[in-house]
Amino acid sequence: MTRLSQPRALIEAWISVLLAPVAWAIALGGLYSYTDETCAHGDRLPMDALVFSCLALTLLPAPIAWLRGRHTPADSGPGERARFLFHTAIGLSALFALVTLVTAIPIFLLDACRT
């Protein structure tokens, strides 16, 4: 087990917290930029691939943070902070997965020229 004050453990905790919001931001910007190109060419594959890859990235931190949070001792200050970060990462992962799905609903239901 790595010590919680080591840079690797802190980087892992912060990446697990920030990955889901960053993936959603990439999806939002990417879908906006692909709209004109998809309308012009009629090919929805880039938009669909972006949605599914960003959705996978928003869901990726949840199981990792859950496992790391279970194996993190909460008997010290750094342990409590790390567990809080891991629990926050699980919540953010679920929240931004739902937000990414809601963002993608017009992509799946409407024609690309109407979104």
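**Overall form, then the patch**

Tutor: This is a predicted model. The protein chain has a radius of gyration of 18 Å, whereas a compact globule of 115 residues would have one near 13 Å. Along the principal axes, its C-alpha atoms fill a box of roughly 55 × 20 × 15 Å. The secondary structure comes to 4 helices and 0 strands. From the N terminus, the order is α-α-α-α.

Now the contacts. Take those in the protein chain with a separation of 6 or more: 71% of them join residues 24 or more positions apart. S16 gives a local example. It lies in helix 1, residues 7-41. Beyond its neighbours within four places in sequence, S16 touches P61, F86 and A89. S16 counts as buried because its relative accessibility is 6%, below the 20% cut-off. Across the 115 residues of the protein chain, 30% count as buried.

Next, the surface. The protein chain exposes about 7,100 Å². Carbon and sulfur atoms supply 70% of that area. The patch you asked about covers about 590 Å². Its members are F52, V102, I105, F108, L109 and L110. Helix 4, residues 77-109, gives the most to this patch, with 4 residues. L110 sits in the segment after helix 4. With a relative accessible area of 33%, L110 is partly exposed: the value falls between the 20% and 50% limits.

Key. Residues are numbered from 1 along each chain as its sequence is written. This is a predicted model: local features need pLDDT of at least 70, side-chain atom pairs count only at pLDDT 80 or more; totals for chains, interfaces and linings use all residues. Side-chain values use heavy atoms; hydrogens and water are left out. Helices (H or I, at least four residues) and strands (E, at least two) are DSSP runs, numbered from the N terminus. Buried means under 20% relative accessible area, exposed over 50%, partly exposed in between (1.4 Å probe, protein chains only). Contact means heavy atoms within 4.5 Å. Patches are made of residues with over 30% relative accessible area and no salt bridge: like charges are joined within 9 Å, nonpolar side chains (Val, Leu, Ile, Met, Phe, Trp, Tyr) within 5 Å. Accessible areas come from the Shrake-Rupley method with a 1.4 Å probe; for residues, only the protein chains shown count as cover. A salt bridge is a side-chain nitrogen of Lys or Arg within 4 Å of a carboxyl oxygen of Asp or Glu. The radius of gyration is taken over C-alpha atoms; the globule rule is 2.2 Å times the number of residues to the power 0.38.
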